[in-house]
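Subject: Handing over the two-chain model

Hi,

Here is the structure I promised to pass on. Have a look at it first, and then read my notes below.

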Amino acid sequence: MVTPANKLSPEQARRRAWMATLAKATEVELEEVWTGLRLDPDYTWLRRPEFGSTLIRARAGGTGNPFNLGEATLTRCALRLADGTAGYGYVLGRSARHAELAALFDALLQTREHGDLVGNDVIAPLAAGQAKRHHEESRRANATKVDFLAMARGVSLTSNVANEDKGYDKS
Amino acid sequence: MSVAIDTAHLKHGFENAVLDSQAIFRAALNAFSFPGKVQVLDRMPDPPPPLAPATAAFMLMIADLDTPVWLDEGADTKPVQDFLRFHCGCPLVHEPDEAAIAIVVDPSQAPRLGMFAQGDELYPDRSATVIFQVSSFTQGYSVTARGPGVKESNLFQIDGLPDWFWRDWTANYACYPLGIDVLLTCGAEAIGLPRSIHLET
């Protein structure tokens, strides 16, 4: 069950947002910014990267009843920095390094020392790039959108009146 | 909703989840195949107190999202809850008879054996495995085990179980195929007592 955004504290909402950004970023992107940061924090594994599967749920048209779409491979890990801050990485696919980097960034973002730096230099540009890509994709998809409508042809498709008139046994 | 896991003080799980789980599974299998024979479950050097290394290793190996776990009063501490919730993901239950696995670190205050899930006639496997942390495998009661997995008889020693345990065990044995299975742990060592085994003190 997903907690609705308005039930989260501001810190939780921010953390959810950056974890989503880290999960949607590619491993190459994260590796690049990680090298650029030149940070080398000490950390220990709470949970080494492991592969699993997760159930994907969806709604038809984005608004219908939720249904189970299928399962997707997921990689997760958890680590702890020397100061005790824990970082979690949950990413789609099977990349231990992607999950590790996501967990490292997640931990650093919670620290007073590096939080703002990583937030401004890593998360903000990544999120902006993702928003732009998303916008671009929906614009392209939107251009191919077709609206279907049923034309009335004199007989109502939803009414049983015609059948009843003919005296069909309905039992 | 439950309280957040205190990750700053969380104890580590297995160093190598696959190999360690396999080794512990083998040891646990041996424990229940050769009742009364001491097995070493030593892949868990630093468990959260008051869990013994063998208890913690067994839990990491076997407990998961489908394993309701009951903790006795001594084991029901935040570090232990966090450890099990984080590494095993198992639900923690409040009543002994709701548990698939129960951990008893203080046998003198333990519920009687009949209070744990006994299984039913159609599904005897829906019974509990109860872990008793005992104080010694070299002193105390001399116990003779007879039954499947034991050639003639097997003599072992246990200290730290209440007197009623042996009477309850006789009743447990009589209920076969219903009844609980017991894992005795002491430090990094363990003895398995499947419900099919007959014990004499």
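A term to start with: two strands pair when DSSP finds at least two bridges between them. Helices (H or I, at least four residues) and strands (E, at least two) are DSSP runs, numbered from the N terminus. Please keep in mind that this is a predicted model, in which local features need pLDDT of at least 70 and side-chain atom pairs count only at pLDDT 80 or more, while totals for chains, interfaces and linings use all residues. Residues are numbered from 1 along each chain as its sequence is written, and chains are lettered from A and ligands numbered from 1 in the order in which they are written.

Chain A

Chain A contains 5 helices and 3 strands. Read from the N terminus, its elements follow the order α-α-β-β-β-α-α-α. Of its 171 residues, 22% are buried (20 or more other C-beta atoms within 10 Å of the residue's own; 12 or fewer is exposed, anything in between is partly exposed, and C-beta atoms are placed from the backbone). Contacts here mean C-beta atoms, placed from the backbone, within 7 Å. Among the contacts in chain A with a separation of 6 or more, 47% link residues 24 or more positions apart.

The 3 strands make an open sheet with antiparallel pairing, ordered β1-β2-β3. Strands β1 and β3 (86-92) of chain A are at the edges with a single partner strand each, so one side of each has no neighbour in the sheet. From one strand to the next the twist averages 25°; for this and the other angles, axes are lines fitted to C-alpha atoms (for helices over the stretch in contact), and values run from 0 to 180 degrees between N-to-C directions. Strand β1(A) and strand β2 (residues 66-81) of chain A run antiparallel and are joined by 14 bridges. If you want a spot to look at, A:Ala58 is opposite A:Phe67 in β2(A). Packed on this sheet is helix α3 (residues 96-110) of chain A, which touches β1, β2 and β3 of chain A, and its direction makes about 140° with that of β3(A).

There is also a helix pair worth a look. Helix α1 (residues 10-24) and helix α4 (residues 115-143), both of chain A, have axes that come within 10 Å and cross at roughly 65°. That makes α1(A) roughly perpendicular to α4(A) (under 35 degrees is roughly parallel, over 145 roughly antiparallel, 65 to 115 roughly perpendicular and the rest oblique). On the α1(A) side the contact is made by A:Trp18, A:Thr21 and A:Lys24, and on the α4(A) side by A:Ile123, A:Leu126, A:Ala127 and A:Gln130. By class, this contact has 4 nonpolar, 2 polar and 1 charged residues. In this scheme, Ala, Val, Leu, Ile, Met, Phe, Trp, Tyr, Cys and Pro count as nonpolar, Asp, Glu, Lys and Arg as charged, and the others, Gly among them, as polar.

Where the chains meet

The contact between the chains takes 6 residues from chain A and 6 residues from chain B. On the side of chain A that touches chain B, strand β1 (residues 43-59) of chain A gives the most, with 3 residues. That side of chain A has 2 nonpolar, 1 polar and 3 charged residues.

Chain B

Here 7 strands form an open sheet with mixed pairing, in the order β1-β9-β8-β5-β4-β2-β3. At its edges are β1 (39-40) and β3 (92-93) of chain B, each with a single partner strand, so one side of each lacks a neighbour in the sheet. Strands β1(B) and β9(B) run antiparallel, joined by 2 bridges, and B:Gln39 is opposite B:Ala190 in β9(B).

Strand β4(B) is covered on both faces, with B:Ile101 and B:Ile103 buried on one side and B:Ala102 and B:Val104 buried on the other. It runs parallel to strand β2 (residues 69-71) of chain B, with 3 bridges, and B:Leu71 is opposite B:Ile103. Strands β4(B) and β5(B) are also parallel, with 4 bridges; the bridge partner of B:Val104 in β5(B) is B:Phe132.

Helix α2 (residues 53-62) of chain B has 9 of its 10 residues buried, so it is largely enclosed by the rest of the structure. Its buried residues, including B:Phe58 and B:Leu60, pack against α1 (17-33), α3 (78-87), β4 (101-104), β5 (129-133), β8 (181-186) and β9 (189-193) of chain B. By contrast, B:Ala4, in the segment before α1 of chain B, counts as exposed because it has 7 C-beta neighbours inside 10 Å.

Happy browsing!

How values were computed: Contact = placed C-beta atoms within 7 Å.
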